[in-house]
Amino acid sequence: MFSTNDLRGRMILSVVLIVLILCLGTLGFVLIEGWSTFDAFYMVVITLATIGFQEIYPLSPHGRWFTIVLIFFGVGLLAYSVNVGLRVLLEGELQEVLGRRKLKKRIQEIKDHYIICGYGRMGRIICKELKANGIPFVVIDQSEEDERLKEEMLFINGDATLDEILNEAGIDRAKGLVSVLSSDAHNLFVVLSARVLNPTIKIVARAAEDNSEKKLLRAGADRVIAPYHIGGLKIAHTILKPAVVDFLEFATMSGNIELQMEEVIVAEGSELADRVISDSGIGRNLRIIIVAIKRQGGEMTFNPTHNTFIMPGDTLIALGEVTRLKELKQMANP
C-alpha cells in the first residue's frame, strides 16, 4: 500500500511521461513521414489508444519501425498511468475525502467535549488520560499525524488561534478547552478567542513563563498551569518529603487499581445529599476517605469531620479503591 503522497508523485510522473511521449511521437511522424503537426498528433493518439483505425497515410518502413517502438513504450506507459490514477482515486483521494467528511460529521455531532489545543508531549498525556476515562475530546494541532492516529481520535489539522478552527472543533458546544501550545503568546490568543466564542466554557492554559500566568487569567483562563514551576516543586519535595511524594504518586497514578484519588460531584436528590459523613456510610461501608469537600461557592473544607454535612452540588475529594470509588459515584449521582 502506497501513501497518498507517493501515489500523487507517481501520478504526476505518469502525466509528464504521457505528455512527453505525445510530443515525441508527434515530432517523430513529422520528421519521418513529413506530415502536418495535427495529422502526426492524431496518428499518435489512435496508436496509443489501440482503437484499430488504419493509418491516415501509408507508412514508410522507417515510419512502421517508429510506430512499433511507440506502441511498445506508449501503450505500456498509458496502462501504467491508468493503474496509478485508479489507485489515487481509490486508495488516496477517495479515502481522504470520505475520511474527512466522516470526521467532520463526528465533530459536528459531538457535545460536552473538551478541545485540546496542541498535541506535543503534554497534549499527548492529556489525551491519553481523557481517553482512558471515556471523556470525549477534539485535538487541534498543525503537525501532520499518521492515519492510524487520526482514526483513533477526532483530529483537526489547523491553527488553534483562529476562530474558524475553534468553531470547527465545536467550541460553542464544548465543556472545556485546554491550551498547551508551544508559546505563551499562542496560548493567550487561544484563551482570548475561546472566551469570546463561548463565555461559559472552562479554560485551562499552560504557562511557560512566570509573568504569563496573570495575563492568561486576565484573558479569561479559569486555571493556569505552570509545568516548570510544578516540576521544580516536585523535585524539591522529593528531596524534602519523599514519603509524601511517593504516596501522592501512588494515589494519583493512572491505571492504579489499588488506590486512586477522585472527585465526586453530589447530585440533587442523591442518597448522600443533606447527610453527615458518618451517616452516609462512605467510611464504614465503602472504606473511602473524604480528603476534602469543595462547596458550590468555591470554599474548600479540608479533612472534614464525621459531623460535616454533604450538600447537593458539593464535590467530594475521595481516596479509596477504584471499585469502591465507582460505587461512591453511583451513590452521588444515581
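Guide: A residue is called buried under 20% relative accessible area, exposed over 50%, and partly exposed in between (1.4 Å probe, protein chains only). The model is predicted, so local features need pLDDT of at least 70 and side-chain atom pairs count only at pLDDT 80 or more, while totals for chains, interfaces and linings use all residues. Residues are numbered from 1 along each chain as its sequence is written, and side-chain values use heavy atoms, leaving out hydrogens and water.

His113 counts as buried because its relative accessible area is 0%. His113 sits in the loop between helix H3 (61–109) and strand S1 (114–117); helices (H or I, at least four residues) and strands (E, at least two) are DSSP runs numbered from the N terminus. Beyond its neighbours within four places in sequence, His113 is in contact (heavy atoms within 4.5 Å) with Pro136, Phe137, Val138, Ala169, Gly170, Arg173, Ala174, Lys175 and Gly176. Among these residues is Ala169, whose backbone oxygen lies 2.9 Å from a polar atom of the His113 side chain.

Four strands, in the order S7-S12-S9-S10, form an open antiparallel sheet, where pairing requires at least two DSSP bridges. Its edge strands, S7 (260–265) and S10 (300–302), each pair on one side only. Antiparallel strands S9 (residues 289–294) and S12 (residues 315–320) are joined by five bridges, and Ile289 has Leu319 in S12 as its bridge partner.

Note on methods
Polar contact = N/O pair within 3.5 Å; in protein donor to acceptor, adjacent residues only side chain to side chain.
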